[in-house]
Amino acid sequence: MAEDIDVPQYFVCPISLQIMTDPVTVITGITYDRDCIEHWLFHAKNTTCPVTKQPLPKDSELTPNHTLRRLIQAWCTDNASKGVDRIPTPKPPLSKAQVVKLLKDFSDPKFQLKIIRKLELLATENEGNLKYMAEAGVAKTMLLFIVTCCKNGRVDGLEEALSVLHFVRIPPDELNHLLLANSQIMDSLTWVLSREMENQIAVNTHVMLVLKSIIQKVSSSVLETLNPEIFRILLGVLRKGAVTKQGTNAALQVMLDTCRCGSNRVKMVESGAVYELIDLEFGDAFHEKKTTELVLGILFHLCSCAEGRAQFLCHKASIFVVSERILRGSQATDDRAVLILYLISKYSGNKMVLQEMLEVGAVKKLIMLIQVDCAPYLKEKAREIISSHSGEWKNSPCFPRSSVTGHSIIIDG
């Protein structure tokens, strides 16, 4: 559109400041473009009118402003010679009744694939559709469909069902009740990861994102029921690299969140998680910040138990990998790396382990951490590690002579 055309102010959406293509009016009397106000309400989770700041109920109706839309379309037609694009008449918005009808028809197997693809299309069209799909119970239907696929060994429609689940969320209370009543749901999602399928990487990524969304909402009573197999399968997918970077981080987030339950830490250790995670971090040439934070976060929790520390020390590169990450990433990375070294040195710090910490540069990194500008609690934890084992390390060239006597700022601050 030419910049010198004066657009009537009431044609412009107060949110996007662009000409509205599908104007809708909220209960405060203000008109917005549908996509903008739906994003404001349903994605950004706002509860007020952007202009008036008055409260908007969660189930606020968005009333199509047909008169204004026709005025905008007429104005666009009149100004077409000036470079103004015509605005097409928008499709009627989806209603909850339409979604309920689709789900009713879904009970007939011969319609399922067609309906899943229709639901996937609706889920990606706009945010308003997601609201009605969530209210109608689409997520529950898709989860139970995946359970049925697992029982029957069916793969048709799985990728689309997972895509729908990625968009359409289920309220935490409903999700917890559903998972406690249907223990096969988590096992079925794990089953998908173990299948050989077309678009394997895309499917695995969808599963990881769905698992992440589920785990972040469930209660500890649900977490305690997790099958140990889920961790073995997750680690296998990560080892093979059969997932995108986004999927990798989602899988790691699942593991980190399940660490809230102590029994899951034991399950992870028994699945070889400590060893696999060190391999993953050691083999990551790019050291993506988020991935490293997640890996070290999980390792910290697993090293809080004796079995986890024992597995950690069985890996020849473990102390090296963790100490290398200090001062090379974020504060969260430094935090977890120092705490891992603290747990190892305090509870498993025999002469051989302490010597390895010296040889691979862990002690040097701790000393550097104290000397740079970083969080005070990290400096204090590094001092604690150093002062606790200064007798073992005092003759090292990297260990400052003044620190051994206890008078240096390195130990005493």
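How many bridges join strand S1 and S2, and in which sense do they pair? Hi everyone, let's start there. S1, residues 23-25, pairs with S2 in the antiparallel sense over three bridges. Two strands count as a pair if DSSP finds at least two bridges between them. Helices (H or I, at least four residues) and strands (E, at least two) are DSSP runs, numbered from the N terminus.

A word on the model before we go on. It is predicted, so local features need pLDDT of at least 70 and side-chain atom pairs count only at pLDDT 80 or more, while totals for chains, interfaces and linings use all residues. Residues are numbered from 1 along each chain as its sequence is written, and side-chain values use heavy atoms, with hydrogens and water left out.

Back to our strands. Three of them form an open sheet in the order S2-S1-S3, with antiparallel pairing. At the edges are S2 (31-33) and S3 (63-64), each pairing on one side only. Helix H1, residues 34-43, packs on this sheet and touches S1, S2 and S3; contact here means heavy atoms within 4.5 Å. The direction of H1 makes about 95 degrees with that of S2.

Now for two helices. The axes of H14 (262-270) and H16 (289-302) come within 10 Å and cross at roughly 105 degrees. Axes are lines fitted to C-alpha atoms, for helices over the stretch in contact, and angles run from 0 to 180 degrees between N-to-C directions. H14 and H16 are therefore roughly perpendicular to each other, a label for 65 to 115 degrees; under 35 is roughly parallel, over 145 roughly antiparallel and the rest oblique. Arg265, Met268 and Val269 of H14 meet Ile298, His301 and Leu302 of H16.

Next, the inside. A nonpolar core is a set of buried Ala, Val, Leu, Ile, Met, Phe, Trp, Tyr and Cys residues joined through side-chain atoms within 4.5 Å. The largest has 111 residues, and Met133, Leu189 and Met357 touch the most other members. A second, separate core of 21 residues includes Trp75.

Last, is threonine 333 buried or exposed? Threonine 333, in helix H19, is buried, with a relative accessible area of 2%. Threonine 148, in helix H6, is partly exposed at 39%. Buried means under 20%, exposed over 50%, and partly exposed in between, with a 1.4 Å probe and protein chains only.
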